[in-house]
Amino acid sequence: MKLPTEPRPVIPQAAGAAVTGAVLSFTACQALAATGRRREQACSTTDGMCFTWWDVAVLPLTFATALAVLSIVYKALGISPRIAVIPPSLLLAPLPLGAAHSIGSWPAVTVAGAVWACCLALAARNRHRVLGLSLTAAVLLASLIVLYRPD
């Protein structure tokens, strides 16, 4: 006979997801900045197009690292179904992170990553799904407005 289990509290899960999102977005921002600095150093003598191997490798490495970290942390936090939370976290995250970067630097990106991960973690919970999806949609809408506003 299966014993009934208490649902896990939502605050530790949302806070853990927010911290994970903040750390991952800060790390991605720093990796992209380091790639830009390496490109400037390596391509300073070139007049035409110039790519370094960092330019090609930074995005796949960032996504692979984020996928591994999110899988491990979300399993530890008990956030499931991970298959429904992690792909939107990775595939749609460039929108709020790009919007935050366009109005600020790495602190704005870090906060946007925390808010994005927290909203998606809330959306994974049955009891808080409507709130999580509403917040996620609001963040996406605000990101699109920031990214595509006429100057």
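Predicted model: local features only at pLDDT ≥ 70, side-chain atom pairs only at ≥ 80, totals over all residues.
**View 1. Helix 2 and helix 3 cross each other.**
Begin with helix 2, which covers residues 53-77, and helix 3, which covers residues 82-92. Their axes come within 10 Å and cross at roughly 145°. The handedness of this crossing is right-handed. From helix 2, the contact is made by Phe63, Ala66, Leu67, Leu70, Ser71, Tyr74 and Lys75. Helix 3 brings Arg82, Val85, Ile86, Ser89 and Leu90 to the contact. Sorted by kind, the residues of this contact are 8 nonpolar, 2 polar and 2 charged.

**View 2. A look at Ile86 in helix 3.**
Is Ile86 buried or exposed? Its relative accessibility is 5%, and buried means under 20%, so Ile86 counts as buried. Leaving aside residues up to four places away in sequence, Ile86 touches Leu67, Leu70, Ser71 and Tyr74. Now look for Leu120: Ile86 and Leu120 are 34 residues apart in sequence, and their C-alpha atoms are 8.6 Å apart in space.

**View 3. The buried residues of helix 4.**
Helix 4 runs through residues 94-103, and its buried residues are Pro96, Ala99 and Ala100. Why do they sit on the same side of helix 4? They cover an arc of only 100° around the axis, which puts them on the same side. What lies over the buried residues of helix 4 includes helix 3, helix 5 (106-123) and helix 6 (129-147).

**View 4. An aromatic pair formed by Phe26 and Trp106.**
How many aromatic pairs does a search of the whole structure find? The search finds 2, and one of them is the pair of Phe26 and Trp106. The arrangement of these two rings is edge-to-face, with 5.1 Å from centre to centre and 75° between the planes. Distant parts of the chain are linked here: Phe26 belongs to helix 1 (residues 10-42) and Trp106 to helix 5, and the two are 80 residues apart. Phe26 is partly exposed, because its relative accessibility is 33%. Trp106 has a relative accessible area of 44%, so Trp106 is partly exposed too.

Methods. Residues numbered from 1 in each chain as written. Heavy atoms only, no water. Axes fitted to C-alpha atoms, helices over the stretch in contact; angles between N-to-C directions. Helix = DSSP H or I, 4+ residues; strand = E, 2+ residues; numbered from the N terminus. Left-handed = near helix turned anticlockwise from the far one by under 90°. Contact = heavy atoms within 4.5 Å. Nonpolar A, V, L, I, M, F, W, Y, C, P; charged D, E, K, R; others polar. Buried < 20%, exposed > 50% of the residue type's maximum accessible area, 1.4 Å probe, protein only. Arc of directions from axis to C-beta. Phe/Tyr/Trp six-rings, centres within 6.5 Å; stacked < 30°, edge-to-face > 60°.
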